[in-house]
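Open the structure in your viewer and keep the selection tool at hand. This tour goes stop by stop, with something to select at each one.

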Amino acid sequence: MEEQALQFVTYDEKQLEIAKRFIAIRKSKKVSQQRLSILSQVSYASIRRFEKTGDISLSSLVKLALALQLYDDLDNLFSNHQKYKSIEEIICDQKD
């Protein structure tokens with residue numbers, strides 16, 4: 001199995017990465033910040049700050065994701081993606 005080098009990502013870098021992805025999705029859906037504010041009931045200022053700095057509360061982030069109908073993204077946010085090494089591991093896991 002191939003080893004991967006450790007990659008260190010700062011909190012700020014991850015926030016900005018998420019914000020950039022969010023902006024791309026919002027724009028692809030042709031929703032303005034103002035319209036999103038109305039749909040999500042998150043203030044326009046909060047949306048602007050999020051898109052600029054990546055800073056947002058979890059409740060506001062969930063509201064924005066729901067307003068853009070990103071249901072699968074929310075469901076998969078912290079899902080357990082277990083990788084099996086053999087068919088035996090799958091069978092044992094299903095028995096539990």
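Predicted model: local features only at pLDDT ≥ 70, side-chain atom pairs only at ≥ 80, totals over all residues.

**Stop 1: the core**

Which residues make up the largest nonpolar core? Select Ala19, Phe22, Val31, Leu36, Val42, Ile47, Phe50, Ile56, Leu64, Ala65, Leu68 and Leu70. That set is 12 residues in all. Now colour the model by helix. H1, H3 (44-53) and H4 (58-67) each supply at least two residues of this core.

Stay with one core member, Leu70. Leaving aside residues up to four places away in sequence, leucine 70 touches Ile25, Lys29 and Ala65.

**Stop 2: H2 against H4**

Select residues 33-40, which form helix H2. Two packed helices are described by the angle between their axes and the distance between the axes. Here the axes of H2 and H4 come within 9 Å. They cross at roughly 105°. Angles of 65 to 115 degrees count as roughly perpendicular, so H2 is roughly perpendicular to H4.

Show side chains at the contact. From H2, pick Leu36, Leu39 and Ser40. From H4, pick Lys63, Leu64 and Ala67. By class, this contact has 4 nonpolar, 1 polar and 1 charged residues.

**Stop 3: H2 against H3**

The axes of H2 and H3 come within 9 Å, crossing at roughly 120°. How is H2 set relative to H3, perpendicular or oblique? H2 is oblique to H3. The crossing of H2 past H3 is right-handed.

Select the residues that meet. H2 brings Gln33, Gln34, Leu36, Ser37 and Ser40. H3 brings Tyr44, Ile47, Arg48 and Glu51. The residues of this contact divide into 3 nonpolar, 4 polar and 2 charged.

**Stop 4**

Move to helix H1, residues 11-28. Select arginine 26, which is found there. Is arginine 26 buried or exposed? Its relative accessible area is 7%. Buried means under 20%, so arginine 26 is buried. Show what surrounds it. Not counting residues up to four places away in sequence, arginine 26 touches Val31, Ser32, Gln33, Leu36, Glu51 and Leu68.

Glutamine 15 is buried, at 13% relative accessible area. Which residues does glutamine 15 touch? Beyond residues up to four places away in sequence, they are Thr53, Gly54 and Asp55.

**Stop 5: two loop glutamines**

Select glutamine 41. Find it in the loop between H2 and H3. Glutamine 41 has a positive phi of about 65°, although it is not a glycine. Glutamine 41 counts as exposed, at 68% relative accessibility.

Now select glutamine 69. Where does glutamine 69 sit? Look in the loop between H4 and helix H5 (71-75). Glutamine 69 has a positive phi of about 60° and is not a glycine. With a relative accessible area of 53%, glutamine 69 is exposed.

Key: Residues numbered from 1 in each chain as written. Heavy atoms only, no water. Helix = DSSP H or I, 4+ residues; strand = E, 2+ residues; numbered from the N terminus. Buried < 20%, exposed > 50% of the residue type's maximum accessible area, 1.4 Å probe, protein only. Contact = heavy atoms within 4.5 Å. Core = buried A, V, L, I, M, F, W, Y, C linked by side-chain atoms within 4.5 Å. Axes fitted to C-alpha atoms, helices over the stretch in contact; angles between N-to-C directions. Parallel < 35°, antiparallel > 145°, perpendicular 65-115°, else oblique. Nonpolar A, V, L, I, M, F, W, Y, C, P; charged D, E, K, R; others polar. Left-handed = near helix turned anticlockwise from the far one by under 90°.
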